[in-house]
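Please read them with the structure open.

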Amino acid sequence: MLGGQDDYYGSSFDQRIHRTHSSSASFARPTVKRLIPPAASSPSVAAAMRGNRAKDTGPELTLRSALWRAGLKGFRKHVGGLPGRPDIIYGKRQTAIFVHGCFWHSCPRCKIRNPRTNSSYWREKLRRNKIRDRIILREIRRLGWRPLRFWECEIRASLNVCLAKVRRSLSLSMRSG
Ligand SMILES: [Zn+2]
């Protein structure tokens with residue numbers, strides 16, 4: 001167990017070294033202070049924190065099976081190489097779909113309140129997520145792809161509207177060649 005921890009610290013140390021050496025490269029990132037997550041204050045918060053990293057979440061599965069049923073097949077999931085690693089992509093039609101959890105991505109409809117414990121951590125964390133999302137969407141567009149972002153509440157409440165948006169994006173890219 002201890003050995004594992006050593007490996008962990010060792011690897012993050014290597015990354016720091018690597019970053020220092022590559023700082024003169026063209027792809028220089030601004031230095032951002034790392035946010036250290038606080039210990040979860042309750043089991044439900046712990047579950048939510050794990051949920052941040054989860055792939056194949058409920059709403060995502062719902063959307064994928066609906067796409068399949070609607071005949072909008074031929075998508076791939078979690079493909080690397082595109083900014084933000086979209087949840088679903090239609091490669092030929094250059095459509096990238098993001099399924100966003102309402103809490104983690106600050107859904108404008110749900111307006112979920114920040115947890116009261118460690119509120120400054122959460123405020124900063126969610127603020128960064130929002131900025132990151134904006135950059136990712138911009139980058140995707142810049143690469144000539146059409147990004148679609150669906151909120152989990154949207155998928156729950158109006159799946160057909162989501163499907164219509166996907167259908168529209170796919171047909172638009174067919175028209176433009
Ligand atoms: Zn929402």
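1. **Helix H3, the buried side.** In H3, Pro59, Glu60, Leu63 and Leu67 are buried. They cover an arc of only 100° around the axis, so they sit on the same side of H3. Bear in mind throughout that this is a predicted model.

2. **Helix H3, the other side.** Which residues of H3 are exposed on the other side? They are Leu61, Ser65, Trp68 and Arg69. Note that Leu61 and Trp68 are on this exposed list, while Leu63 and Leu67 are on the buried one.

3. **Helix H3, length and end.** H3 runs over residues 58-69. Its 12 residues, at 1.5 Å a residue, should span 16 Å. The end C-alpha atoms are 17 Å apart, and so the two values agree. Just after H3 comes glycine 71, with a positive phi of about 85°.

4. Lysine 73 is placed in the loop between H3 and E1. Is lysine 73 buried or exposed? It counts as exposed, because it has 9 C-beta neighbours inside 10 Å; the limit for exposed is 12 or fewer. Tyrosine 90 is 17 residues away from lysine 73 in sequence. In space, their C-alpha atoms are 8.7 Å apart.

5. **Overall make-up.** The protein chain has six helices and four strands. Along the sequence, the pattern reads α-α-α-β-β-β-α-β-α-α. The chain has 177 residues, and 17% of them count as buried. Take the contacts with a separation of 6 or more: residues 24 or more positions apart account for 63% of them.

6. **The sheet.** The four strands form an open sheet in the order E1-E2-E3-E4, with mixed pairing. Strand E1 (76-77) and strand E4 (146-151) are the edges, each pairing on one side only. E3 and E4 pair in the parallel sense over six bridges.

7. **Two bridge partners to look at.** Arginine 76 has isoleucine 89, in E2, as its bridge partner. Valine 99 stands opposite phenylalanine 150 in E4.

8. **The nonpolar core.** The largest nonpolar core holds 18 residues. Which of them have the most contacts inside the core? Leu63, Ile89, Ile97, Val99 and Phe150 do. H3, E2, strand E3 (95-100), E4 and helix H6 (159-175) each give two or more residues to this core. E3 gives the most, with four. Leu63 is also among the buried residues of H3. In general, nonpolar side chains tend to be buried together in soluble globular proteins.

9. **Isoleucine 89 in detail.** Set aside the neighbours within four places in sequence. Isoleucine 89 is then in contact with Phe75, Arg76, Val79, Leu82, Thr95, Ala96 and Ile97.

10. Glutamine 94 has a positive phi near 50°. This residue is in the loop between E2 and E3. Glutamine 94 counts as partly exposed, because it has 19 C-beta neighbours inside 10 Å; the threshold for buried is 20 or more. Lysine 111 also has a positive phi, of about 45°, although it is not a glycine. Lysine 111 is in the loop between E3 and H4. With 8 C-beta neighbours inside 10 Å, lysine 111 counts as exposed.

11. **Helix H4 and the crossover.** E3, H4 and E4 make a right-handed β-α-β unit. H4 (residues 119-142) has 24 residues, which should span 34 Å at 1.5 Å a residue. Its end C-alpha atoms are 35 Å apart, so the values agree. Just after H4, glycine 144 takes a positive phi of about 90°.

12. **Lysine 130.** This residue lies in helix H4. Lysine 130 is partly exposed, because 13 other C-beta atoms lie within 10 Å. Lysine 130 and serine 106 are 24 residues apart in sequence. Their C-alpha atoms are 7.1 Å apart in space.

Notes
Residues numbered from 1 in each chain as written. Predicted model: local features only at pLDDT ≥ 70, side-chain atom pairs only at ≥ 80, totals over all residues. Pairing = 2+ DSSP bridges. Expected span 1.5 Å × (residues − 1). Contact = placed C-beta atoms within 7 Å. Core = buried A, V, L, I, M, F, W, Y, C linked by C-beta atoms within 7 Å. Right-handed = clockwise from strand over helix to strand, strands pointing away. Arc of directions from axis to C-beta.
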